[in-house]
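The following exercises concern a structure that the reader is asked to examine alongside its sequence. Each task is followed by a worked solution.

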Amino acid sequence: MKLFLKFDFNTLSKKVLESKLDEQNLEYKILGFGEIELIKKLTPEDYDALQSSLHDYGIEIVESQKSILVQKIKDMIINMVFNENIDLKVKSSVYLSKNIGHSYGYLSNLFSEMTYSSIGNFIIIQKIEYVKHLILNTELNLTEIAFKLNYSSVAHLSTQFKNATGITPSAFQRIIFKRRKLAKQKTK
Amino acid sequence: MQKDYIYIILADDDEDDILFFTDAFDELKINTKVNSFKDGEELMNYLNKDNALMPNVLFLDLNMPKKTGIECLAEIKASQKMSDIAIAIYSTSASDDDIEKTFVLGANIYIKKPSDFKKLKKVLSEVVAINWQYHTNALNKDNFLLRL
């Protein structure tokens, strides 16, 4: 017996995509025109797994130059902030453009377009993240932390911290330590 | 799992505040879905339901009948399935000590209710933007504290 089929390729590809992404427990948004936005960055293993599972269905991942570049910028900033060996006295704009090989203006526009945030903002977020880590996990005092992250003074660090979070570094430390104490009491 | 909006819940006993709040989100360019509950008991009944969708950000008023914001906060922090929710205390005013107390009990964000609609929109969009940065950059949620 013969059956005649009609294919709706849009629905077909969307369903396949959704099922493959769900299989790997990824959070995503399908933007249409062959573009997916993944909420979190993929590990190399996840990327390879996804690439091969999509390949079975004839779907190939096209390396987007732009997102590769944005990820490079992010990685470089994180490296710059968290790596002790890098001289933070070099301006970040110079550091980024020199190491990535594009003008800072280009990188900055690209970053804002792709992330809805700015390079400057991202740098501050990472720096504050590192400050929080140092406050909670080392014996360094604020002066030492300010020096380590190349702030011009403790006041400068405190100001930036307070601008970003609304509380002072010492209030932050006090709160987290009280939380830990509370958690310890609960498990007794 | 697919979601193309940010899911917000507000628990507040004041109807006008709820309206103010949902109107502000309507006017923001961010894609959000807002749900509200008028007391702590209704809120916890919803969150405890088996298939309930957890919000990305929960705004909790402190002074609510039946179950206060603090009581809800304690229950939420004790629950595994609610551990991904960013909790914002949304209150009329409080002393620095009270604010610190809510942080110590596990709140991530403290917001003093703005009386001005423009200010409210600004505050809400900041909260959502920062929460988004945390989410997409895998920053340490345990250290996420914000006071606005």
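This is a predicted model: local features need pLDDT of at least 70, side-chain atom pairs count only at pLDDT 80 or more; totals for chains, interfaces and linings use all residues.

**Exercise 1. State the domain assignment of chain A and the separation of domain 1 and domain 3.**

Step 1. The assignment divides chain A into domain 1 (9–61), domain 2 (62–116) and domain 3 (119–188).
Step 2. Between the C-alpha centres of domain 1 and domain 3 of chain A, the distance is 38 Å.

**Exercise 2. Describe the largest pocket and its lining.**

Step 1. The volume of the largest pocket is about 2000 Å³.
Step 2. Its lining comprises 49 residues; nearest the centre of the pocket are I36(A), E37(A), L38(A), S64(A) and S67(A).
Step 3. Elements giving two or more residues to this lining include α1 (9–23), β2 (35–38) and α3 (65–82) of chain A, and also α5 (117–136) of chain B. The greatest contribution comes from α3(A), with 8 residues.
Step 4. By residue class, the lining holds 24 nonpolar, 14 polar and 11 charged residues.
Step 5. Domain 1 (9–61) and domain 2 (62–116) of chain A each supply at least three residues to the lining.

**Exercise 3. Characterise the interface between chain A and chain B.**

Step 1. Contact involves 31 residues of chain A and 25 residues of chain B.
Step 2. About 2400 Å² is buried between the two chains, and carbon and sulfur atoms give 52% of this area.
Step 3. The chains are joined by 2 salt bridges. R174(A) and E100(B) form a salt bridge through their side chains, at 2.6 Å from N to O.

**Exercise 4. Locate the salt bridge of K41(A) within chain A.**

Step 1. Over all chains, the structure contains 17 salt bridges.
Step 2. K41(A) pairs with D75(A), with 3.6 Å between the closest N and O atoms.

Key: Residues are numbered from 1 along each chain as its sequence is written. Chains are lettered from A and ligands numbered from 1 in the order in which they are written. Side-chain values use heavy atoms; hydrogens and water are left out. On a 1 Å grid over the protein atoms alone, a cavity is a set of points where a 1.4 Å probe fits but cannot get out, and a pocket is an open set with protein on both sides within 12 Å along at least five of seven lines; lining residues have an atom within 4 Å of a point. Grid points are joined across faces, edges and corners, and a volume is the space filled by probe spheres set on the points. Helices (H or I, at least four residues) and strands (E, at least two) are DSSP runs, numbered from the N terminus. Ala, Val, Leu, Ile, Met, Phe, Trp, Tyr, Cys and Pro count as nonpolar, Asp, Glu, Lys and Arg as charged, and the others, Gly among them, as polar. Domain bounds come from an automatic or database domain assignment. Contact means heavy atoms within 4.5 Å. Buried area is the accessible area (1.4 Å probe) that two parts lose on being put together, summed over both. A salt bridge is a side-chain nitrogen of Lys or Arg within 4 Å of a carboxyl oxygen of Asp or Glu.
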